[in-house]
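Dear colleague,

Please find the structure we discussed set out below, with its sequence.

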Amino acid sequence: MSQILVVDDDIQLCELLKEVLTEEGYDVHCEHCGENALTYMQGNAVDLVLLDVMLPNIDGLQVARRVCQRFATPIMMLTALGDEPSMLEGLQAGADQYLAKPFRVPELLARITVILRRVGLERQRQSINHCQTDLSQQISRLPLTGTESELIEYLINQHGVVVSKAELQKEVLKKELSPFDRNLDMHISNIRRKMVQSGLSKQHIKTVRGRGYSFLESVGVV
């Protein structure tokens with residue numbers, strides 16, 4: 001039975017989600033603030049986090065970043081902020097999927113099924129393949145596009161150095177950075193998604209707010 005953690009300060013919505021998901025055969029636990037959610041995850045196995053953005057004390061974006069630093073648990077953000085900038089910010093914070101409220105229950109269930117199927121396949125793959133390879137070898141085996149491969153290679157070659165978006169845009173994507181061009185952000189999000197699908201931490205590519213991206217071989221716990 002898959003374990004789902006719902007993190008939302010809307011108690012009625014939590015109760016509704018718990019009822020719906022329990023009927024689908026999931027084991028559901030609800031928390032109403034980010035701190036309690038992180039504490040719960042320290043002592044309990046969680047297969048998926050359904051995470052609201054607008055939370056008291058620490059918002060969902062901060063929670064997502066901390067979850068990604070400490071755990072390999074996939075995150076689906078459920079939020080009333082459905083505009084593109086908010087979606088991109090959520091993906092950059094570590095969300096695997098982003099679903100705007102109000103949402104349809106069938107769509108939510110379908111997305112959950114897709115994520116948990118992927119988690120199950122990755123666990124099977126990891127249980128079969130016990131051969132350890134270094135991080136660069138694992139990354140080289142990811143199903144990346146040509147542009148994605150060039151981006152991650154450029155970041156790896158400057159390990160630990162913060163590379164600006166303008167530099168990546170110019171050196172890899174071969175064009176100048178535009179304030180409204182989200183192409184680079186989407187490429188980075190896709191690389192992170194594929195890393196997680198292969199059992200790697202998306203935090204190997206660190207977002208440095210206002211500066212750019214940095215590749216880190218060792219992912220610390222904050």
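This is a predicted model: local features need pLDDT of at least 70, side-chain atom pairs count only at pLDDT 80 or more; totals for chains, interfaces and linings use all residues.

Residues are numbered from 1 along each chain as its sequence is written, and side-chain values use heavy atoms, with hydrogens and water left out.

Helices (H or I, at least four residues) and strands (E, at least two) are DSSP runs, numbered from the N terminus. Two strands are said to pair if DSSP finds at least two bridges between them.

An open sheet is formed by five strands in the order β2-β1-β3-β4-β5, with parallel pairing. Its edges are β2 (27–31) and β5 (97–100), each of which has a single partner strand, so one side of each is left without a neighbour in the sheet. From one strand to the next, the twist averages 20°; axes are lines fitted to C-alpha atoms, for helices over the stretch in contact, and angles run from 0 to 180 degrees between N-to-C directions. Strand β4 (residues 75–79) runs parallel to β5 and is joined to it by four bridges; M76 has Q97 in β5 as its bridge partner. Helix α3 packs on the sheet, where it touches β3 (48–52) and β4, and its direction makes about 175° with that of β4. Contact here means heavy atoms within 4.5 Å.

Antiparallel pairing is found around β8. Strand β6 (residues 163–164) pairs with β8 over two bridges, and S164 stands opposite G212 in β8. β7 pairs with β8 over four bridges, also in the antiparallel sense, and K206 has S214 in β8 as its bridge partner. Three residues lie between the strands of the β7 and β8 hairpin, in which G210 takes a positive phi near 80°.

The largest pocket holds about 720 Å³ of space. On a 1 Å grid over the protein atoms alone, a pocket is an open set of points where a 1.4 Å probe fits, with protein on both sides within 12 Å along at least five of seven lines; lining residues have an atom within 4 Å of a point. Grid points are joined across faces, edges and corners, and the volume is the space filled by probe spheres set on the points. Of the 34 lining residues, Q92, K206, T207, V208 and R209 lie nearest the centre of the pocket. Two or more lining residues come from each of α3 (60–70), α4 (84–93), α9 (183–197), β7 (205–208) and β8 (212–215).

Yours sincerely
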